[in-house]
Amino acid sequence: MALTRTLYQTITAALPERFRDASERKRIVNAAFYGDPLLDACPPPDVGNPHRYTAELVRVLDNERAETQDGKLSLLVLLDYLATEPGRDPDSEIAALADRLRNHQRALEIARKENLNPNELEELIHHHLDEIEHGYARMAKEYVDLAASQTERNVPLPRNRYARMADTSERLDPAHLELLGLHQTAEASVPSPVDNVREALLKTPRGVLLGEPGSGKSWTMWRLALEYAAIWRGKRRDSVADRALLIPVVIRLQEFRGGTKERPQTFRAFVEGELGVLALHLDRLRREQRLIFLMDALNEMPRKGPRGADLVAEVRNFLRDEPHFLISCRVRDYRDDLGSLRPLAQMTLQPLTPPQIQQMLRLRLGDEQGAALWAEMGGSPALLDFWQKVLDKNEPQRFWQAEKGVPSYTSVVSDAAWRKMQSGARLIPLCRNPFMSFLVSRIYQTGEGALPSSRAGLFGDFVTLLLGREAKLAAKRGEPWAEGRSETLQGALVEVARAMQAANGTVLSRQETVVAVAEDEGLIANAVAANLLVDNGSEIRFAHQLLQDYFALRILLEKMEAGESAAGFFGDAWWEAGIWRETVVMLGEFLGEGAAGPNRVARWLAPASPEVALEMILRNGAGLTLDDVEAATRDALLDSAHAKRSEANPHGRAAAYRVLALLDADDRRGIGVDERGLPDIAWVPVEGGPYTIGGDEGAYNPLDEQPVRLEGFEMEKYPVTNAQWNAFLNDANGYENVGWWDGLEKPSQPAEPSWTYSNHPRETINWYEAVAFCRWLTARKRVVGEIEAWQEIRLPTEAEWEAAARGTEGRIYPWGGSEYEGGYANVDETERGEGPYDLRQTSAVGIYPQGDTPEGISDMSGNVWEWTGSRSEGDGVDITRLRGGSWVLDPQFARAASRFGFGPRDRDYFLGFRVILAPLSRADR
């Protein structure tokens, strides 16, 4: 860097001898620049002229800190440190320092304006909490009024950065209803239901809040901020409050873009900018562990900065040592981006229940109007009785799944109410989403005709309502709304959406937005006034991401009606819908016609991406199911999925096989069940004889090298699949038969798998369950004559498993070779740079044929860890051995000699098993 090179001789001459030590220099830098607030006297940064800026900064620091030798030389020490420290980037360090000075200067200006003492931390904290409470009060005041008229603003306009909070569409949820969730701690293998997400999150020090679009993620984050503020001020005293005395800091991640190419911005600098006056004491507050960072909308944050920087990595690095934080993200966009921050608890927002929907409508519309809308949508006491009965049977999904019909235990009256609700517009299922329930309420309150039956219809009416309101207000101001202005404005919003989708983001700069609307800034002003766009000064975004999706669907519709291919929307990574995920679903809803419109869209999408096409039908707001897939659509989906089974990228193969699973069209031998409903096992012979196991120093926790002699056996070609495990669950003489559990601990109930595709390995299975399955299958196969009385189906021992994986030649990986081959197994190849792939979930068995053993056994590396029959005790703990690695871990764990251990009760989303067919032990013959 020119600056450090120019001053280097001066620096060297000026430094006393004790500053020659690198650790001493680092201590001085930290003390001088990062230990306490920078001085009000520091000049505004001038990054364009670092020589002049540095000289001025040296002069100011010398004057202000003349009483300390450390202070006088601090900048010279910093420059020397940047110039000589290995691996440092002087340009970035100076830019970061400039950002830091700029943020502190801004904080001092706020303090002066508000008559705050910048050195009185508690005073600044009160101001920070005032901002949060003030913004929340305005938000709650404004959106309680649902009428299509101008909202009264009795609360003074916010004077601070939290004003933006009142400009987000998440304000559209005035009903302070406590949301349901599924909470999974880092230690638990199965999530547990919670009936108050907010209270549960107050007890969660580090976690991720997941939810579908419009499920209330942002609203929950802001409610948490308000709750933390109340606790800090002593307005709440209970056991939770005692643990939650923290200062909330809300960070809108979608606004972090890494700066510009000319002026990059670090995440720390972004956070300081969001902190306002508290930026003066960020280091102290972090050091004292007094902050909780509430980071909203990870899914809307760009992944790469303007210079190619990994922005998510910056967030991870910032949070790595933080004891308190929560990050929100859409469920489908969360890909374990925060893996290095484990352990993390996960809270997944659940859809509203029928009683909650009824309560939400009453809170929004009042008792009378809320009850009327509930009745119009098909709600009734009999319908709630139906809900309660399926809930009592632990079958809540039966309420929403029309294709399964009525269960045997409900009443005639409640069945009739349920059928009425299912045969109508199905608005109650649509209102499971809080944001959708708001739109239904809003449209209903206008009294303009019947309610639409889909999100697209709702958004269409909603946009019409808001633009109509703006037209009336313009007329009142003496600014007549030009004829065709609403249509022109909607066309402009399509172009704004087009630009955002093309940029794979949810934010445009003001200049980019102006270009998108053909230089008509009046259209931007109209859209902002109508609450369709949000103007944050330098950037523009839609008031809700679903509004962006609504306007973007017109782009898809144009291409479809023109007969153009859909492939261009997804690019080479056709299996990833990306930013188009909600848009394609909304397009199917927009066309309507029952199932006809969605099927038409699916046939158009299928050649480009069969999984995206099928998902578009299954996520339709009208509650469509696989039964609604038309024959022609099914053919198009299957043709595409079969063609893409040979996709070179395993992400694509995995997507193709998921489609085959959903359409019950994966007919490979050994993954499903036979005509009797028993697991169809494909056996691969493993010869008996001498083998050498252990001794691979590159493996994880290998056995010592040792010879073993084994009897011959047959090993299942694939891990046990969901379809095969379900045969055990569904057999009247299966899972619940106590005979299979002799000497074992039977769980109170089987766990739900994380992925339900029939051709995926069954995970979340503990060792006891795997053994019970083997006993059941042995008995059933003997009865039908498939195995002999002297044979049994059981878990392999460690020696048997390793012998099958390594063969007589002692292979390092099951396919041979001493090094891992990229794309040969479902593992995290990216962790240590061994390859480009990381599926971050299980995949259909057998889709990595290049990773098969020479004998033809699949998935011996990766996918799921496999229970073996070998057990040991360590420190008094019962350990059951696992082999094979999994999708979660890197290739080292998938070496054939690698071993892992869990307790026999443990379940997790990477624990599965496969079985062998072997002679009975001699003692049992």
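I started with F293, whose bridge partner in β6 is F325. Strands β5 (residues 291–296) and β6 (residues 325–330) run parallel and are joined by three bridges. Strands here are DSSP E runs of at least two residues, helices H or I runs of at least four, both numbered from the N terminus. Two strands pair if DSSP finds at least two bridges between them.

A note on the source: this is a predicted model, where local features need pLDDT of at least 70, side-chain atom pairs count only at pLDDT 80 or more, and totals for chains, interfaces and linings use all residues. Residues are numbered from 1 along each chain as its sequence is written, and side-chain values use heavy atoms, with hydrogens and water left out.

Next I traced the sheet. I found seven strands in an open sheet with mixed pairing, ordered β2-β1-β7-β3-β6-β5-β4. β2 (192–194) and β4 (247–252) are at the edges with a single partner strand each, so one side of each has no neighbour in the sheet.

Then I checked helices α21 (residues 485–502) and α23 (residues 521–529). Their axes come within 10 Å and cross at roughly 95°. Axes are lines fitted to C-alpha atoms, for helices over the stretch in contact; angles run from 0 to 180 degrees between N-to-C directions.

Last, I looked up K781, in helix α32 (residues 767–783). K781 is buried, at 3% relative accessible area. Buried means under 20% (1.4 Å probe, protein chains only). K781 touches D674, P679, E786, I787 and I793, leaving out residues up to four places away in sequence. Contact means heavy atoms within 4.5 Å.

Note on methods: Buried means under 20% relative accessible area, exposed over 50%, partly exposed in between (1.4 Å probe, protein chains only).
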